[in-house]
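This report describes the fold of a single protein chain. The sequence and the coordinates are displayed first, and the description follows.

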Amino acid sequence: AGSLTVAELAEKLHKETSELIKKLMGLGVMATKNEALDKASIELIADDYGVKVEEEEIVDPLDIERYEEEDDPANLEERAPVVTIMGHVDHGKTTLLDGIRKTKVTDTEAGGITQHIGAYQVEEGGKRVTFLDTPGHAAFTTMRARGAQATDITILVVAADDGVMPQTVEALNHAKAAEVPIIVAVNKMDKENANPDRVMQELTEYELVPEAWGGETIFVNVSAVKGEGIDELLEMILLVAEVEELKANPEKRAQGTVVEAELDKGRGPVATLLVQGGTMNVGDPIVVGYTHGRIRAMMNDVGRRVKTAGPSTPVEITGLNDVPQAGDQFLVFADEKKAKQIGEGRAVRAKEAQRRQTSRVSLDDLYNQL
Ligand code: GTP
Ligand code: MG
């Protein structure tokens, strides 16, 4: 996303610069032709001409389909659903995620250091569920901007004492746009003024009609702080997952999405990856966004070293040459030379795109000084 000067915007809209300056004046904005406009002004003007503004981004998704192995339907196996939690500020998203983890963590043997890797898996009735510990909005916007769809089910948390709020609506619109099924968790049921009926009533206006009222949306009453309703919530997640028939082929080179990444002082670039297809192994050559490398070590969600990771599994890896970004896609390659060649090519292109953006900005600065 970048700003535009008045002249640049005029060119994009196929209008005279003078006409735009007049229009801006009419809107109370005094601007010369080389002045950079903020996003709000650009949208205002564009809207006036009936043009929709789409932000330009340097999005160059790793074109996995080009290199990916074809899935043989015979190799498809059931996989765990990947769930994100969304909802209005303070309605209890973090508390619910923590509550689920606390009551359901499977691997509690000695030696496992519980640590935060941005995603975790729990087990319910012998089946696994993967939770992405990223704010739901980020999971949708950044990941979708890069062409990645990492979520199978969204939990919409609505506080029973507060009801539907602006970000509740925003969240449900994101999920609807992505065609991801929604389960409503009516939270804070322990509160005296909890009013779950009101939440149901309000959500009905957004086409989320509870099953009890003849609709198709699953509502579960929970108390994240008391850990109540979590079993039922997990059962409902598994029910929806079953209907969705989530499958993946574990018999191919791994592919998936970056959940988060950072530079660790001792270990270098560290990335939490969600494997979406195939099986990842220590030693695999890999391209991750604009970075590449060979997987040096893998750690699961409870801090235990693992050698392999199959579909719907989150793992933290080391061995990359640089830090990728959340939402980047990754793909394992058969040989290291190929991974290096593709990774380096992508890095060069990314740098060029960045330089072009920077040089445009400095040109604007130059104009402004004239
Ligand atoms: P943001 O990340 O800021 O959007 O908030 P959040 O949705 O993650 O909410 P968070 O989990 O931080 O909870 C907000 C407040 O509500 C905290 O003080 C929690 O202790 C409280 N809270 C969360 N769940 C419950 C619940 O089930 N019952 C009660 N009584 N309080 C809760
Ligand atoms: Mg939170």
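The accessible surface of the chain comes to about 19300 Å², of which 47% belongs to carbon and sulfur atoms; accessible areas come from the Shrake-Rupley method with a 1.4 Å probe, and for residues only the protein chains shown count as cover. This is a predicted model, in which local features need pLDDT of at least 70 and side-chain atom pairs count only at pLDDT 80 or more, while totals for chains, interfaces and linings use all residues. Residues are numbered from 1 along each chain as its sequence is written, chains are lettered from A and ligands numbered from 1 in the order in which they are written, and side-chain values use heavy atoms, with hydrogens and water left out.

Of the 370 residues in the chain, 46% are buried, where buried means under 20% relative accessible area, exposed over 50%, and partly exposed in between (1.4 Å probe, protein chains only). The secondary structure comprises 10 helices and 19 strands; helices (H or I, at least four residues) and strands (E, at least two) are DSSP runs, numbered from the N terminus. Among contacts (heavy atoms within 4.5 Å) between residues at least 6 apart in sequence, 74% join residues at least 24 apart.

Helix α1 (residues 6-13) has Val6, Leu9, Ala10 and Leu13 as its buried residues. Seen down the axis of α1, these residues fall within an arc of 105°, so they line one face of the helix; the arc is that of the directions from the helix axis to the C-beta atoms. In general, an α-helix has 3.6 residues a turn, so residues three or four places apart point the same way. The buried residues of α1 pack against β1 (4-5), α2 (17-26), β2 (36-37) and α3 (39-48). Just after α1, histidine 14 takes a positive phi of about 55°.

An open sheet of six strands has mixed pairing and the order β5-β6-β4-β7-β8-β9; two strands pair if DSSP finds at least two bridges between them. Its edge strands, β5 (119-124) and β9 (218-221), each pair on one side only. Neighbouring strands of this sheet are turned by 30° against each other on average, direction ignored. Axes are lines fitted to C-alpha atoms, for helices over the stretch in contact, and angles run from 0 to 180 degrees between N-to-C directions. Helix α7 (residues 166-177) lies across β4 (82-87), β7 and β8, running at about 170° to β7. Helix α9 (residues 230-244) also packs on the sheet, touching β4, β5, β6 (127-132), β7, β8 and β9, and its direction makes about 100° with that of β6.

| Strands | Bridges | Direction |
|---|---|---|
| β7 (residues 153-159) and β8 (residues 182-187) | six | parallel |
| β11 (residues 255-264) and β12 | nine | antiparallel |
| β12 and β18 (residues 314-320) | five | antiparallel |

Valine 158 stands opposite valine 186 in β8. A hairpin joins β11 to β12 through three residues, and glutamate 260 has threonine 272 in β12 as its bridge partner. Alanine 271 has isoleucine 317 in β18 as its bridge partner. Strand β12 (residues 268-277) is mostly covered, with nine of its 10 residues buried.

Asparagine 300 is placed in the loop between β15 (291-299) and β16 (305-306). At 13% relative accessibility, asparagine 300 counts as buried. A polar atom of the asparagine 300 side chain lies 3.1 Å from the backbone nitrogen of valine 302.

Note on methods. A polar contact is a pair of N or O atoms within 3.5 Å; within protein, one must be able to donate a hydrogen and the other to accept it, and residues adjacent in sequence count only if both atoms are side-chain atoms.
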